[in-house]
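Hi,

Here is the structure I promised to pass on. Have a look at it first, and my notes follow below.

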Amino acid sequence: MSAISLTASMRSNLLSLQNIASQQDIVQNRLATGLKVSSAIDNPSSYYTASSLNNRAADLTALLDSMSQGIQTIKAASEAIDSGTKFLEQAKAIANQALETAQPVIARVSNEAELLAAIESGEQGLIVVDGDITMSVNVTLELKDGQSLVGARYLNQNASKSSLSFSLDGIGVSAISAGNNTLFSDLRINMKTTIGIVNSSYGAVSALNKTNVKLQNLDVHTIKNGEANWTIGAIVSDNSEMDIRNVRVEADTGGTVIAAYNKGMINLSGNVNIICNNGSYIYGNALYARNEGIINVTGDARLNFKSTGTVLPYLISTYTNGIINFERGSEAFIETKIDAPIFRNENRGEINIMEGVVIREKDDLGFNKSWKSTKKYNLTDNEEIKDFDTVPDKFTAIDNVAYPNPDEVPEKREATDAGKSFNSILVQYDSLIQDGCYKGINLLNSQRLKINFNEDRSSGIEILGVSALSADLGIVTAEWQNKAEIEKSVSELEEAINTLRGYASQYGNYYSIVTTRQDFTENLINVLEEGAHKLTLADMNQESANMLALQTSQQLAVNSLSLASQASQAVLRLF
């Protein structure tokens with residue numbers, strides 16, 4: 001365009017317009033981006049400084065997420081501690097209530113006179129038999145309501161099992177008659193009969209007249225001296241309720257061993273070993289329910305029947321509306337010398353075998369087989385069973401399972417009702433502690449949590465986990481058999497609650513530290529971003545004013561260029 005000639009004034013105005021347009025481009029970019037420094041070309045120092053500040057702010061923002069999740073993990077542990085403490089306080093309340101009602105030891109006896117005096121006092125509580133006591137002939141025991149008869153082992157598991165021996169020649173007598181709310185535990189009871197006729201409603205241990213009795217860890221032996229012509233019960237419930245767990249009963253007397261009469265109820269659980277040494281006596285029954293008596297073989301019961309007699313009518317029998325129930329999961333092992341029926345349901349009685357019951361039978365003639373019930377089976381009236389293959393739609397043959405030891409007297413103890421509630425709460429407590437995790441981390445199950453506070457990981461905190469399960473807190477007394485054990489549980493609970501409170505304080509401190517660092521980091525991010533913005537952000541008000549001024553200057557430059565060109569236009573008028 002060198003051939004075009006512009007006057008000096010026109011060239012000056014043109015340069016001014018070009019400069020204004022260039023400045024408008026810059027201002028328009030700032031208005032569009034909001035940045036006065038958008039690249040290193042604009043201002044290298046400010047650009048790179050702002051980039052460094054923004055990068056650190058981004059790194060800290062990522063750490064904020066980690067801190068936030070760490071806080072949630074701490075809160076999960078804290079919530080579990082708060083709820084777990086409520087469970088332990090509830091368990092402590094149950095223990096204190098049990099402590100108020102626990103039976104005290106009212107007497108420790110080592111001879112007949114001391115035993116009779118303790119019973120005659122009528123005082124409620126535990127009568128502890130130390131050693132072996134042989135009672136005088138025809139002297140029986142009739143416990144008062146609330147009196148319990150236990151061996152020394154009941155209080156001290158290292159003690160030997162105590163025994164009581166009786167010799168009776170009366171008609172219709174019991175060695176021991178239980179009062180209401182009575183416990184028998186950790187004893188050997190021997191009863192010898194020296195007469196020919198013994199009433200069926202009496203035996204070594206009898207519960208009569210609407211009493212409530214518990215038997216556990218007993219070894220009962222009934223011995224005959226002469227020929228018994230009618231049944232004698234080693235353990236009898238007559239119009240009463242009896243809970244029997246973990247006992248061994250050996251009957252030399254013939255006839256019934258465990259019997260429920262006249263609306264009496266017996267609940268069998270745990271290991272129950274019954275040995276019938278009844279010779280040729282024809283009325284032998286290991287379990288017998290009569291006159292609306294009920295025997296319940298509970299789901300965890302493991303019964304072992306062994307008969308050495310040469311004549312055996314039925315081991316398990318009902319008569320006149322008596323009921324025997326085998327619940328799901330129960331097991332019965334039957335060993336005899338002869339081939340004879342095992343079950344007999346007579347005169348409107350009921351024998352109910354639920355699905356899942358295991359029965360094994362073995363005799364000296366070579367019969368040896370095991371079955372498992374596949375459906376509920378109710379024996380019909382006057383039905384008897386020897387071989388369960390005769391009801392294949394209800395029982396299926398299975399591999400033989402091992403017989404328990406009939407000479408064993410198990411020592412596992414049955415928890416009281418309060419003890420069962422106590423243990424149930426501890427189970428729920430342990431379950432709650434195990435559930436107190438967040439994103440796979442459980443600070444109450446010995447897991448750790450690391451939280452970083454800066455971008456180079458040089459600052460941070462490691463939160464150490466603890467083991468807060470009941471056993472780890474020292475709650476180890478799971479069964480209450482006496483006042484001392486309940487007191488021990490209360491002490492363990494108090495210590496555990498204090499430990500949990502210490503954990504709560506510890507995690508509260510961690511929570512405070514992390515939340516403080518979180519607030520600081522959020523504020524620091526704001527400082528860094530603010531500093532970066534001060535280096536790079538444009539002042540929109542100023543840039544808007546600049547754009548307005550440039551537009552005005554542009555209009556003035558255009559007018560000026562127009563005026564400068566008027567001199568050249570005047571030449572045209574000459575033509």
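Valine 476 is exposed, because its relative accessible area of 57% is over the 50% cut-off. Bear in mind that this is a predicted model. You'll find valine 476 in the loop between β29 (460-463) and α5 (483-536). Leaving aside residues up to four places away in sequence, valine 476 touches Ala471 and Glu492. I also looked at valine 476 against lysine 488: they are twelve residues apart in sequence, and their C-alpha atoms are 9.3 Å apart in space.

Threonine 320 has a positive phi, near 50°, and is not a glycine. Threonine 320 sits in the loop between β18 (316-319) and β19 (323-326). With a relative accessibility of 16%, threonine 320 falls under the 20% limit and therefore counts as buried.

Arginine 348 is another non-glycine residue with a positive phi, this time about 70°. Look for arginine 348 in the loop between β21 (343-346) and β22 (350-353). Arginine 348 counts as partly exposed, because its relative accessible area is 46%, and that class lies between 20% and 50%.

Cheers

Notes
Residues are numbered from 1 along each chain as its sequence is written. This is a predicted model: local features need pLDDT of at least 70, side-chain atom pairs count only at pLDDT 80 or more; totals for chains, interfaces and linings use all residues. Side-chain values use heavy atoms; hydrogens and water are left out. Helices (H or I, at least four residues) and strands (E, at least two) are DSSP runs, numbered from the N terminus. Buried means under 20% relative accessible area, exposed over 50%, partly exposed in between (1.4 Å probe, protein chains only). Contact means heavy atoms within 4.5 Å.
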